[in-house]
Amino acid sequence: MAKLVAGVATSHVPAIGAAIDLGKTQEPYWQPLFKGYEPAKKWIAEQKPDVIILVYNDHASAFSLEMIPTFALGCAAEFLPADEGWGPRKVPVVKGHPELAWHIAQSVILDEFDLTIVNNMAVDHGLTVPLSLLFGQPAEWPCQVIPLAVNVVQYPPPTGSRCYNFGKAIRRAVESFDQDLKVMIFGTGGMSHQLQGPRAGLINRAFDTAFLDNLTADPLGLARMPHIDYVREAGSEGIELVMWLIMRGALDEKVREVYRFYHVPASNTAVGHIILENEA
Amino acid sequence: MPLKVNPNPFDDIPGTTLFDAQRSRQGYHLNMFCMSLMKPDNRAAFKADEAAYLQKFPMTQAQRDAVLKRNWNGMIELGGNIYFLAKLFSTDGKSFQQVAAIMTGSSQEDYANMMINGGRSADGNRSKKEWQNRG
């Protein structure tokens with residue numbers, strides 16, 4: 001049977017992708033950030049997941065205002081990097097796992113989480129930057145990836161509680177899949193940042209630290225946090241953090257924090273990263 | 001549950017515009033214009049004659065003027081969403097950080113330094129009352 005072994009959360013700032021693509025990772029501005037991901041790269045190289053379910057948000061790349069699915073699961077065999085207005089990132093094509101993805105779709109829909117099934121979807125920096133941070137610049141990504149796009153652009157996004165419970169449904173789906181696969185789940189976006197208006201540049205280290213702490217200490221309390229607290233405390237784009245709760249919901253109630261990294265700034269954003277393993 | 005709570009508690013957060021149902025409806029064509037700039041041919045046509053290109057989209061004149069003047073806060077106020085506006089400022093060769101600096105009324109250097117020094121604190125920036133009190 002498939003087994004969900006660990007969760008990874010990370011910011012997905014587009015400027016990080018640009019720094020990697022343009023060979024700037026050793027510049028003084030970027031060097032501390034990339035150094036902070038070295039232990040994670042080592043960890044995942046040892047862990048060798050077969051499949052990653054990657055929770056992210058599309059930034060007006062695959063979805064415009066014509067269609068706004070709250071949860072959209074990529075069930076295709078491959079996903080091309082999106083052209084976000086300056087040409088697609090030169091990263092490998094993302095290979096999906098259609099069999100597991102369709103199994104998850106069927107399972108969670110019957111579990112009353114009515115997601116949208118997507119067979120053709122370009123994937124933007126929200127998905128490819130986390131892969132670059134964890135795997136560097138390989139010729140091919142070393143595992144299959146199932147994209148799960150969450151709307152956090154059009155208000156209202158799903159609640160934290162909905163995300164957390166959706167994670168639990170994903171766990172049930174994965175662990176009822178009849179193939180021996182080592183599966184991980186990534187929650188991406190965040191941490192505190194605001195890109196728009198006169199309050200742009202907001203960063204809240206205390207909020208971010210508490211959020212990271214509570215992923216192990218009090219995930220249920222975290223899941224109950226209302227949207228307004230995210231926006232007020234972590235900035236209008238800090239709302240992306242609800243996506244981390246899908247990752248958290250998919251793990252055991254008790255988890256082991258294996259690694260954490262926090263850095264300000266990457267462009268306008270506080271970068272947060274955490275690795276959580278199931279105890280078993 | 002009513003869709004609109006009165007007063008909307010989000011309105012109390014200063015310098016922040018929520019991309020809610022009302023703004024999404026108001027900004028639909030403005031945002032779809034921005035989306036069109038993801039295609040190289042459209043970018044070229046827009047750059048060749050911005051005003052003429054904007055006529056293809058049934059936007060309000062105020063929205064068109066905000067685009068032509070690159071009034072970013074104005075576009076947000078008229079229903080623009082930052083991820084859509086990103087297509088416009090990418091066409092201009094600008095980054096998120098450059099446009100964020102403009103929206104806050106800071107110089108590029110001051111804004112970049114603020115970020116390097118830990119960003120804008122949440123303290124003093126949580127409610128409109130705090131902004132009124134700072135004079």
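1. The largest cavity has a volume of about 240 Å³ in what is a predicted model, and its lining is made up of 20 residues, with A:Val153, A:Glu237, B:Thr17, B:Phe19 and B:Asn81 lying nearest its centre. By class, the lining of this largest cavity comprises 11 nonpolar, 6 polar and 3 charged residues.

2. The search of the whole structure returns 3 cavities of 30 Å³ or more, and the second largest cavity has a volume of about 150 Å³. There are 16 residues in the lining of the second largest cavity, and those nearest its centre are A:Asp58, A:Phe63, A:Ile68, A:Asn151 and A:Val153. This lining divides into 12 nonpolar, 3 polar and 1 charged residues.

3. Turning to open spaces, the largest pocket has a volume of about 870 Å³, and 38 residues line it, of which A:Pro14, A:Ala15, A:Ala18, A:Trp86 and B:Ser95 lie nearest the centre. The elements that give two or more residues to this lining are helix H1 (14-21) of chain A together with helices H7 (82-91) and H8 of chain B. The most is given by H1(A), with 6 residues. The lining of the largest pocket has 14 nonpolar, 16 polar and 8 charged residues.

4. Which strand of chain A has 10 of its 10 residues buried? It is strand S10 (residues 269-278) of chain A, and because 10 of its 10 residues are buried, S10(A) is largely enclosed by the rest of the structure. In a regular strand, side chains alternate between the two faces of the sheet. In S10(A), A:Thr269, A:Val271, A:His273, A:Ile275 and A:Glu277 point one way, while A:Ala270, A:Gly272, A:Ile274, A:Leu276 and A:Asn278 point the other way, and all are buried.

5. As for the partners of S10(A), strand S9 (residues 255-266) of chain A is joined to S10(A) by 9 bridges and runs antiparallel to it, with A:His263 standing opposite A:Val271. S9(A) and S10(A) form a hairpin that has 2 residues between the strands, and A:Ser267 in the turn has a positive phi of about 60°. S1(A) also pairs with S10(A) in the antiparallel sense, over 5 bridges, and here A:Ala9 stands opposite A:Ile274.

6. A:Ala9 also stands opposite A:Gly187 in S8(A), and strand S1 (residues 3-10) of chain A is joined to S8(A) by 7 bridges, the two running parallel. A further 5 bridges join strand S2 (residues 51-56) of chain A to S8(A), again in parallel, with A:Ile52 opposite A:Met184. Strand S8 (residues 182-188) of chain A has 6 of its 7 residues buried, so S8(A) is largely enclosed by the rest of the structure.

7. The side chain of B:Thr104 reaches the backbone oxygen of B:Ala101 at 2.9 Å and makes a polar contact with the side chain of B:Ser106 at 3.0 Å. Apart from neighbours within four places in sequence, B:Thr104 is in contact with A:Gly197, A:Pro198 and A:Ala200, and also with B:Tyr111 and B:Arg120.

Conventions:
Residues are numbered from 1 along each chain as its sequence is written. Chains are lettered from A and ligands numbered from 1 in the order in which they are written. This is a predicted model: local features need pLDDT of at least 70, side-chain atom pairs count only at pLDDT 80 or more; totals for chains, interfaces and linings use all residues. Side-chain values use heavy atoms; hydrogens and water are left out. A polar contact is a pair of N or O atoms within 3.5 Å; within protein, one must be able to donate a hydrogen and the other to accept it, and residues adjacent in sequence count only if both atoms are side-chain atoms. Contact means heavy atoms within 4.5 Å. Buried means under 20% relative accessible area, exposed over 50%, partly exposed in between (1.4 Å probe, protein chains only). Helices (H or I, at least four residues) and strands (E, at least two) are DSSP runs, numbered from the N terminus. Two strands pair if DSSP finds at least two bridges between them. On a 1 Å grid over the protein atoms alone, a cavity is a set of points where a 1.4 Å probe fits but cannot get out, and a pocket is an open set with protein on both sides within 12 Å along at least five of seven lines; lining residues have an atom within 4 Å of a point. Grid points are joined across faces, edges and corners, and a volume is the space filled by probe spheres set on the points. Ala, Val, Leu, Ile, Met, Phe, Trp, Tyr, Cys and Pro count as nonpolar, Asp, Glu, Lys and Arg as charged, and the others, Gly among them, as polar.
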